[in-house]
Amino acid sequence: PAQLRYVWSVFESIFQTGRARALGISNCDVKELAELLSFAQVPPAYVQNLFKVYKPGEQMLGDQDLVGLAQASGIAVMGYSVQTEWPHVLPPLQDPHVLAVASQVRRTPSQVLHRWALQRGV
């Protein structure tokens, strides 16, 4: 917590001098984002996190919705790795549900996964 406060204060000083147009955070969970929002004078403009069909918007284990918290706070959400295999449960591009939807809408599994992310606001 103290380290996050210190690092964010450095980011804010860079922002306030005009050397950055926006601030963001990456790979955080709901608790970390909520903590940051509790003390940030300049809130993040975006959060970038792992975003997978099996674990949407949550880098760490938990039941809370990071995407919902960010959007409710006016923070844009950027996701990455929507079609990669991590954490090696089932490759999303081979998931029978994804394949069925892709077949039904005549799109590739990759297109279906990316559309899903867009529909979630990511």
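Asp-65 lies in the loop between strand 2 and helix 3 and Arg-120 in the segment after helix 5, so the pair ties together parts that are 55 residues apart in sequence. Asp-65 is partly exposed, at 34% relative accessible area, and Arg-120 is also partly exposed, at 29%. (Buried means under 20% relative accessible area, exposed over 50%, and partly exposed in between, with a 1.4 Å probe and protein chains only.)

The model is a predicted one, where local features need pLDDT of at least 70 and side-chain atom pairs count only at pLDDT 80 or more, while totals for chains, interfaces and linings use all residues. Residues are numbered from 1 along each chain as its sequence is written, and side-chain values use heavy atoms, with hydrogens and water left out.

As for the overall layout, the protein chain has 5 helices and 3 strands, arranged along the sequence as α-β-α-β-α-β-α-α. Helices (H or I, at least four residues) and strands (E, at least two) are DSSP runs, numbered from the N terminus. The C-alpha atoms fill a box of roughly 50 × 25 × 20 Å along the principal axes. Of the 122 residues in the chain, 30% are buried.

The 3 strands make an open sheet in the order 1-2-3, with parallel pairing. Strand 1 (24-26) and strand 3 (76-80) are the edge strands, each pairing on one side only. From one strand to the next, the twist averages 20°; the angles behind such values run from 0 to 180 degrees between N-to-C directions, with axes fitted as lines to C-alpha atoms, for helices over the stretch in contact. Two strands count as paired if DSSP finds at least two bridges between them, and strand 1 is joined to strand 2 (residues 46-50) by 3 bridges. Ile-25 has Val-47 in strand 2 as its bridge partner.

Val-47 turns up again in the core: along with Leu-33, it has the most contacts inside the largest nonpolar core, a set of 24 residues. Such a core is made of buried Ala, Val, Leu, Ile, Met, Phe, Trp, Tyr and Cys residues joined through side-chain atoms within 4.5 Å. Helix 2 (30-39), helix 3 (66-72), helix 4 (96-105) and helix 5 (109-119) each supply at least two residues of this core, and helix 2 gives the most, with 4 residues.

Phe-11 belongs to helix 1 (residues 2-16) and is partly exposed, at 34% relative accessible area.

Finally, the loops. Most residues other than glycine have a negative phi. Ser-81, in the loop between strand 3 and helix 4, has a positive phi near 70°. Arg-106 likewise has a positive phi, of about 55°; this residue is found in the loop between helix 4 and helix 5 and is exposed, at 74% relative accessible area.
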